[in-house]
Amino acid sequence: MRLSKIIKKTAINLEMGAATKDEALCSLVEILCSAYRISDIGTVLKAIKAREDKQSTGVGMGLAVPHAKTSVADKLYVAFGRSKDGVDFDSIDGEKAHLFFILISPRDVSGPHIKALAGISRLVKHEEFRKSLIECENVKTFINLVKRAEGKYL
Amino acid sequence: MKVKDYMKRSFRAVPSHAPMKEVARAFFETNDSILPVTESDGTLSGVISIDDFILIFLPDYIDLIRNIDFIHDFGALEKASYSIEEMLFVAEDLQRENYPVLDENDSIMKAAAVLHRTDIQTIPVVNDDKLVGMISKNDFCRAVFNMEGRN
């Protein structure tokens, strides 16, 4: 699963405004639903929050990957948000999260969801890549950085 | 002959919030290729296949390679740490929700037909959506000759 091939440019927000985990989740769901024209925002937000309740997806190193399977999704959808100030996201290392990938996929299939999460994990393990996402100035650069990392690490 | 008469009542399941390490341990300890996932009230939430679990660790390009005989190792992937994956996945993220399920009052012949048609080795058995057992092709062998055995 190549992130660069499935993420829409309009699903990338490098100036996400959110002060709390709740606000961050709402913003991310809005970015995702607006980019892919998903009307049932409430159901998506509920699914994402229910999954967060089971275990925070704040994996540390300034990164969070909220995700869920929901009947609202007919396929895998991905969006990205970046918060310059960072958000307290109940991360494992106690640090604020700055980079957010959000994913939703249908309930009845497991493969694409697993592959997408595994692919993102494989990219963000590299500090150089995380740093470049923190510093990138526009959406075009973001896409190019992801493409380059995919060529190198996937 | 009913499924409930031949299913295994002693089985391992993991809660939907179980972390990845617990899922890995359950697969290792049961030596089964599927693992049922339950909610806190005992309702069957889904089933994790060992193949889906392994999918996490394989490189993306593996499906594109026709012949893997010439690959001796996967370079950096062999030494990768999986701390992020460990944080990111819980049991429900790995589960399939459309996995075949039998009711404990289904007949043993129906169980055999479902097992045969789906080419699945083991199927969860429910009563009122609650997971109550697991039945396999091997249990069918026992049932047709009404053999005694572990239940």
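Modeller: Helices (H or I, at least four residues) and strands (E, at least two) are DSSP runs, numbered from the N terminus. By that reading, chain A has 6 helices and 6 strands. This is a predicted model, in which local features need pLDDT of at least 70 and side-chain atom pairs count only at pLDDT 80 or more, while totals for chains, interfaces and linings use all residues. Residues are numbered from 1 along each chain as its sequence is written, and chains are lettered from A and ligands numbered from 1 in the order in which they are written.

Colleague: In what order do the elements of chain A run from the N terminus on?

Modeller: The order is α-β-α-α-β-β-β-β-β-α-α-α. The radius of gyration (taken over C-alpha atoms) is set against the globule rule, 2.2 Å times the number of residues to the power 0.38. For chain A the radius is 14 Å, close to the 15 Å that the rule gives for 154 residues, so chain A is as compact as a globular protein of that length. Its C-alpha trace spans about 35 × 30 × 25 Å along the principal axes.

Colleague: What percentage of the residues in chain A is buried?

Modeller: A residue is buried if 20 or more other C-beta atoms lie within 10 Å of its own, exposed if 12 or fewer, and partly exposed in between, with C-beta atoms placed from the backbone. In chain A, 47% of the 154 residues are buried.

Colleague: Why does Ala47(A) count as buried?

Modeller: Ala47(A) counts as buried because it has 21 C-beta neighbours inside 10 Å. This residue lies in helix H3 (residues 41-54) of chain A.

Colleague: Which residues does Ala47(A) touch, not counting residues up to four places away in sequence?

Modeller: Two residues are in contact if their C-beta atoms, placed from the backbone, lie within 7 Å. Ala47(A) touches Ala68(A), Thr70(A) and Ile104(A), with residues up to four places away in sequence left out. Ala47(A) and Ala68(A) are 21 residues apart in sequence, yet their C-alpha atoms are 5.9 Å apart in space.

Colleague: How is the length of helix H2 of chain A checked?

Modeller: The expected span of a helix is 1.5 Å times one less than its number of residues. H2(A), residues 21-35, has 15 residues and reaches 21 Å from its first C-alpha to its last, close to the 21 Å expected. Its buried residues include Leu25(A), Leu28(A) and Cys33(A). Among the elements that cover the buried residues of H2(A) are H3 and strand E5 (77-87) of chain A. Just after this helix, Arg37(A) takes a positive phi of about 55 degrees.

Colleague: What is the order of the strands in the open sheet that holds E1 of chain B?

Modeller: Two strands pair if DSSP finds at least two bridges between them. The order is E1-E2-E3 in chain B, with mixed pairing. Strands E1 (14-15) and E3 (44-49) of chain B each have a single partner strand, so one side of each is left without a neighbour in the sheet. Strand E2 (residues 34-38) of chain B runs antiparallel to E3(B), joined by 5 bridges; Thr38(B) stands opposite Leu44(B).

Colleague: How many residues of chain B are in contact with chain A?

Modeller: 21 residues of chain B are in contact with 21 residues of chain A. On the side of chain B that touches chain A, the largest share, 4 residues, comes from H4(B).
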